[in-house]
2 protein chains.
Amino acid sequence: MSVKNAFYAQSGGVTAVINASACGVIETARRHSDKIGKLYAGHNGILGALREELIDTCEETNDTIASLRHTPGGAFGSCRYKLARIEDNEAEYQRIVDVFKAHNIGYFFYNGGGDSMDTAYKISLYSQKVGYPITCIGIPKTVDNDLPATDTCPGFGSVAKYVATSVKETSRDIESMHESSTKVFIMEVMGRHAGWITAAAALAMEEDNDPPHMLLFPEIDFCRETFLAKVERIVNEHGYCVIVASEGTHYADGTFLSASRSTDAFGHVQLGGTAPILARMVKDSLGYKYHWAVVDYLQRSARHLASAVDVEQAYAVGRAAVEFALEGKNGVMASIVREDSENDEYVWSIGEAPLEMVANVEMKIPEHFIAPDGLHITKECRDYLRPLIQGEDFPPFKNGVPVFANLKKVLEEKKLEAFEV
Amino acid sequence: MSVKNAFYAQSGGVTAVINASACGVIETARRHSDKIGKLYAGHNGILGALREELIDTCEETNDTIASLRHTPGGAFGSCRYKLARIEDNEAEYQRIVDVFKAHNIGYFFYNGGGDSMDTAYKISLYSQKVGYPITCIGIPKTVDNDLPATDTCPGFGSVAKYVATSVKETSRDIESMHESSTKVFIMEVMGRHAGWITAAAALAMEEDNDPPHMLLFPEIDFCRETFLAKVERIVNEHGYCVIVASEGTHYADGTFLSASRSTDAFGHVQLGGTAPILARMVKDSLGYKYHWAVVDYLQRSARHLASAVDVEQAYAVGRAAVEFALEGKNGVMASIVREDSENDEYVWSIGEAPLEMVANVEMKIPEHFIAPDGLHITKECRDYLRPLIQGEDFPPFKNGVPVFANLKKVLEEKKLEAFEV
């Protein structure tokens, strides 16, 4: 029986460390060349499987693969493509099996969030049903930290470190000028449904009254009056107010603040963020001078400030996925398990969770992690978050900017007819 | 004759390295305690002189002062307060002289931009006129890099490094997803009148066609049609388009894009940035999926990614200011001088420029630094910029975030009556 080839794909929004997972997968596969043949990566994720666009990672040097560990973004391309239910579009599942068959692929490593774990699970079931069983292993990834069954999600620790650092630094700026100038600074961060990134901003604090003074979570209905009253109180007490707001901040009726529609003089619809909307409220009702930032892609691509813990975990789940497959496991996701420890030291290990447990479940911030007024976090939340941003893992720099991997991305020759996605 | 005391003040928008200049001033003054007595820092800058709020830096330990070197923001507070012309408000000048007299202050070190150099110059003239001559030395500072008579301005190199790094990283993100998702990313950076920060984004490029694909400068009138045509061409050629836009981007009639006024359903005026306005144009005319970021304070407070060259220069001009004073110089600004060098190595030294030469002159990007189409930079610009972002100077980290100085900021006892500013 010939050694099976493997297929790895990146899925959904990319992070500062998803390539570290890729590195873990590829380097581990290379160490088991007696058991795994070629390792293909999907060009633009699962679309690569559907279109038979398979990047042959064997064409990349060991040095290039090693440099994935410090390269942000998705080196092989990614997409947000969720396969429909098998009964609604069996042709897509059949196509994936056909492509895998044609290229002797027996292992599928899918690196993404909840939707991806769902896809991996479905493919695992389907491939068995049609008599070409594929070993499907999930590798967790998401800046939103919302996957169940894992202590944390690779990608999150680094964005948490970035946001906490950025809040600490920008707070020094507004603190310098507030007496005669800017009194309110609003920083908008990612997190449409789960506010973990917003929560992590609180790690900027050394003392209780340090900024950020207010956090706006998607888990808490936004109330304009409460918000403004607190801003005013904080400015009166501390001289200035630093707010970190999730892009998912919304009113009680579910409307996102960022969806507040407005038209300009030409009748064009203004594309809002959350921060400018909050800034307008502050200006209109309180008259304070403000500044606002929308961090957007910067926070999730900031490999220059990645958390060493996050990088290590991202790599480890990639490595573990291959090891699971070689141990004969199937239909599981490699997870992070937080161990009990005597002192405050963060001890973690690799675990596994059935894919069907992880699929389609969103872990929002639990109630006991959010302060009673809904506008900050508790000590328990802080204790949970703190270890995830520890340690620095700076990439190499050249000419003043980080050095990233440049892959050849050689495509394997196609064997099948085209397939319309 | 008694040893004179000194007064140091921070002015205008703060940077990642203005405290490194403060460190240079204070450490150098401490090394010459036989010639300089107490070193006071103005609480909130020049307002501290007017209000007689003098922070006694002698109360800070050597370690605390040393840690200023890696601390962003203005440790002593800052303000945007430009003294009027002497003939329009002599009382303010008299007050400063009175305060300096009362505290035996004979040296004034003013750390700021063009307006501050103007103030220092005026105080130098006035103090001589009224028979209490104060040695006034300017210390350059501005993220905008727009001071004349100096190769570069402390604060700029670090924001340049940050912006170039952020563009390089975010470009990897959009590159991963563009095939099926976001096609345009717009990053708005500081620079209301001079586009140096925007220009520095180009240092992200390794190859000619790398992102950023387009730069929007305040020096170039914005044309909507030209902009959209180029976005479309770039997306067709490269699959996606990364734009870095200055907050000072404006139409030919001078109107800032960010001032495009719009009202929402309640009649509230929307507070726009430049990036969302550009995003709306892209969406309305080209229909591409977009993302945008407004970096705001993050770029100028990012001490975690400061340029080593910038930190060294910031410190050096602080040190030089004190040395100039002790050498008997007056009415000058410590400057950076780029030396000729055999190879490509950046060699610089400290120079001096008369304050009246520096005051009120804004150095915009010269024409030969901007590409013919006005939407990128030339090789000459790149050669000028590249050395300024070299080297890393990471601060110490603790618990995953940078460690910054915490000063006691003990105020000297007042001797005079209050003065209304």
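**Reading contacts, burial and helix packing**

Biologist: Which residues does Thr142(A) touch, not counting residues up to four places away in sequence, and how should I read a contact?

Modeller: A contact means heavy atoms within 4.5 Å, and with residues up to four places away in sequence left out, Thr142(A) touches Leu147(A), Cys153(A), Pro154(A), Gly155(A) and Phe156(A). This is a predicted model, in which local features need pLDDT of at least 70 and side-chain atom pairs count only at pLDDT 80 or more, while totals for chains, interfaces and linings use all residues. Residues are numbered from 1 along each chain as its sequence is written, chains are lettered from A and ligands numbered from 1 in the order in which they are written, and side-chain values use heavy atoms, with hydrogens and water left out.

Biologist: Where does Thr142(A) lie, and is Thr142(A) buried or exposed?

Modeller: Helices (H or I, at least four residues) and strands (E, at least two) are DSSP runs numbered from the N terminus, and Thr142(A) lies in the loop between strand S5 (135-140) and helix H6 (156-177) of chain A. Buried means under 20% relative accessible area, exposed over 50%, and partly exposed in between, with a 1.4 Å probe and protein chains only; Thr142(A), at 8%, therefore counts as buried. Asp144(A), in the loop between S5 and H6 of chain A, is partly exposed at 22%.

Biologist: What is a polar contact, and which backbone atom lies 3.0 Å from a polar atom of the Thr142(A) side chain?

Modeller: A polar contact is a pair of N or O atoms within 3.5 Å; within protein, one must be able to donate a hydrogen and the other to accept it, and residues adjacent in sequence count only if both atoms are side-chain atoms. Here the atom is the backbone nitrogen of Asp144(A). In chain B, the side chain of Thr152(B) makes a polar contact with that of Asn145(B) at 3.1 Å, and Thr152(B) is buried at 2% relative accessibility.

Biologist: How is the packing of two helices described?

Modeller: Two packed helices are described by the angle between their axes and the distance between the axes. The axes are lines fitted to C-alpha atoms, for helices over the stretch in contact, and angles run from 0 to 180 degrees between N-to-C directions. Helix H8 (residues 224-238) and helix H9 (residues 274-286) of chain A pack at about 70 degrees, with their axes 11 Å apart, which makes H8(A) roughly perpendicular to H9(A) (65 to 115 degrees; under 35 is roughly parallel, over 145 roughly antiparallel and the rest oblique). Residues making the contact include Phe227(A) and Val231(A) of H8(A) and Leu278(A) and Val282(A) of H9(A).
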